[in-house]
Amino acid sequence: RNQVGNGAGVHGHAGEGAPADGDGMAVGSDSGPHGRQNAQHRPVPLGGGRLQPTDGDPLRGQRPHAEEEGGVGPVPFHPAQPGQAAALPAGPAAEECYNYTSNGEPVSVVAAYTPTVRIATEELSGDGRFAPSDLCVGGDELYLLDGDNGRIYVLDAACRVARVLNGVHGSRVTDTLAHPKGLCFRDGLLYIADTDNRRILAVDPQTGGVKKEIADPGIQVLGEEVDFFPIRLSVDRSGRLFVVSRNVNRGLVMLSADGSFGGFIGAPKVKVDLSVWLTRLFATEEQIRRMQAFVPTEYNSVDMDSEGFVYATIGSVSTASIKAAISARDSSGENAPIRRLNAKGEDILTRNGFFPPVGDLQFTAADGCSTIADVAVRGGGVYTLLDSRRGRLFTYDRGGALLYILGGTGDRIGCFTSP
């Protein structure tokens, strides 16, 4: 997917693309789902100008007698057990791609992408200010949301700036965008999560003219209305909206096509140990007040596949929970950072890979597990998770098998800075 560093996420709701680096944007094409979890390939470092498919054989290392055919074995990584420290690529070598074997050991693999185009901030903004918060694809155009400055850059298929939407026009409230966080393109309309204005706008992507404005959906929690601060959104074929709203932990906010509140979907379940319940049963009111409140966690991103199923991510799953899921090869999704929700809000994501889709398998308790900050869904059930902690992209197939890993932290091309 096309992506932008510095918090832009991995959204590309209607198209395909590639990862970005920390100083701007890198764009390219996909080489396809290669690099299974047990692959051992020739390392191909990212480098150069455009993101494009590599020429490496994606099956090398999986075929019998690969070495006799001239194949090169994996770079020695000194593997550790899943959930423990491992010598993964870091620093200047972060562009070198790796994957995990069925035993959870990292091995070097062929790069699924190589950088092709890098667009610096000064190429987009004449004033040198650009703070990307999200992006999406509509037709042959790429929409980049400059959240801090309340504008949207529209790039053509050659990654040239076609126009800039400095706010909108025709709003009932204000034509200025206030720290918008999310974009989504659906059926010829560009949807904007105008966060600090507490509204969602559907605008003409050519002119910025407002076609729909949802400013007060009337969200109710336990009989009380709560503030609406949309940060991410997705729209289905019928025009229903699925929204991640700040400080709402009841699940995704569902809005009908006319903007009315339709309830919540997919609230993350809360698991409390029996000993905690017993403690609370005999505790005084003062002791209960001081105890930790066990409430559902919040989603932080959302996307939708071609079948209308909603993919939602949680970035606050604890390192201990992720480590336990990796060790147990847990396919239940109980401590999952990514979910696929049906109409009832049930998680139906398939997790039949060697390990659950959680990002990196090896990490220290001090460094922490992957922090999943975004998801982008592509054709055929393929989806990519963004790890904002280490600037990596993890792509999985429909069955939950890890296809390939890209990125790393740093300012070199192919790496990311605070994505």
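# Strand pairing, ring pairs and cavities in a predicted model

Val253 in strand 20 is the bridge partner of Val243. The model is a predicted one, in which local features need pLDDT of at least 70 and side-chain atom pairs count only at pLDDT 80 or more, while totals for chains, interfaces and linings use all residues. Residues are numbered from 1 along each chain as its sequence is written, and side-chain values use heavy atoms, with hydrogens and water left out.

- Strands here are DSSP runs (E, at least two residues), numbered from the N terminus, and two of them pair if DSSP finds at least two bridges between them.
- Strand 19 (residues 241-245) and strand 20 (residues 252-255) run antiparallel and are joined by three bridges.
- An open sheet of four strands has the order 18-19-20-21, and its pairing is antiparallel.
- Strand 18 (230-235) and strand 21 (261-265) stand at the edges with a single partner strand each, so one side of each has no neighbour in the sheet.
- Neighbouring strands of this sheet are turned by 30 degrees against each other on average, direction ignored; the axes are lines fitted to C-alpha atoms, and angles run from 0 to 180 degrees between N-to-C directions.

- Strand 25 pairs with strand 26 (residues 383-387) in the antiparallel sense over five bridges.
- Opposite Ala376 stands Thr384 of strand 26.
- Five residues lie between the two strands of this hairpin, and Gly380 takes a positive phi near 70 degrees.
- Strand 25 (residues 372-377) is largely enclosed by the rest of the structure, because six of its six residues are buried. Buried means under 20% relative accessible area, exposed over 50%, and partly exposed in between (1.4 Å probe, protein chains only).

**Aromatic pairs**

- Seven aromatic pairs are found in a search of the whole structure. Rings of Phe, Tyr and Trp (its six-membered ring) pair if their centres lie within 6.5 Å; planes under 30 degrees apart count as stacked, over 60 as edge-to-face and the rest as tilted.
- The ring centres of Tyr98 and Tyr100 are 5.8 Å apart with planes at 85 degrees, so this pair is edge-to-face.
- Tyr98 is buried at a relative accessible area of 3%, and Tyr100 is buried at 0%.
- Tyr143 and Phe185 have ring centres 5.8 Å apart and planes at 20 degrees, so they are stacked.
- Because Tyr143 lies in strand 9 (residues 141-146) and Phe185 in strand 12 (residues 182-186), the pair ties together parts that are 42 residues apart in sequence.
- Both Tyr143 and Phe185 are buried.
- Tyr311, Tyr383 and Tyr396 are linked into a cluster by ring pairs.

**Cavities**

- A cavity is a set of points on a 1 Å grid over the protein atoms alone where a 1.4 Å probe fits but cannot get out, and lining residues have an atom within 4 Å of a point.
- There are three cavities of 30 Å³ or more, and the largest cavity holds about 60 Å³ of space. A volume is the space filled by probe spheres set on the points, which are joined across faces, edges and corners.
- Residues lining the largest cavity include Asp330, Glu334, Asn335, Arg351 and Val358.
- The lining of the largest cavity divides into seven nonpolar, two polar and three charged residues. Ala, Val, Leu, Ile, Met, Phe, Trp, Tyr, Cys and Pro count as nonpolar, Asp, Glu, Lys and Arg as charged, and the others, Gly among them, as polar.

**Tyr113**

- Tyr113 is found in the loop between strand 5 (106-108) and strand 6 (114-115).
- Tyr113 is buried, with a relative accessible area of 2%.
- The C-alpha atoms of Tyr113 and Leu406 are separated by 7.8 Å, although these residues are 293 residues apart along the chain.

Key. On a 1 Å grid over the protein atoms alone, a cavity is a set of points where a 1.4 Å probe fits but cannot get out, and a pocket is an open set with protein on both sides within 12 Å along at least five of seven lines; lining residues have an atom within 4 Å of a point.
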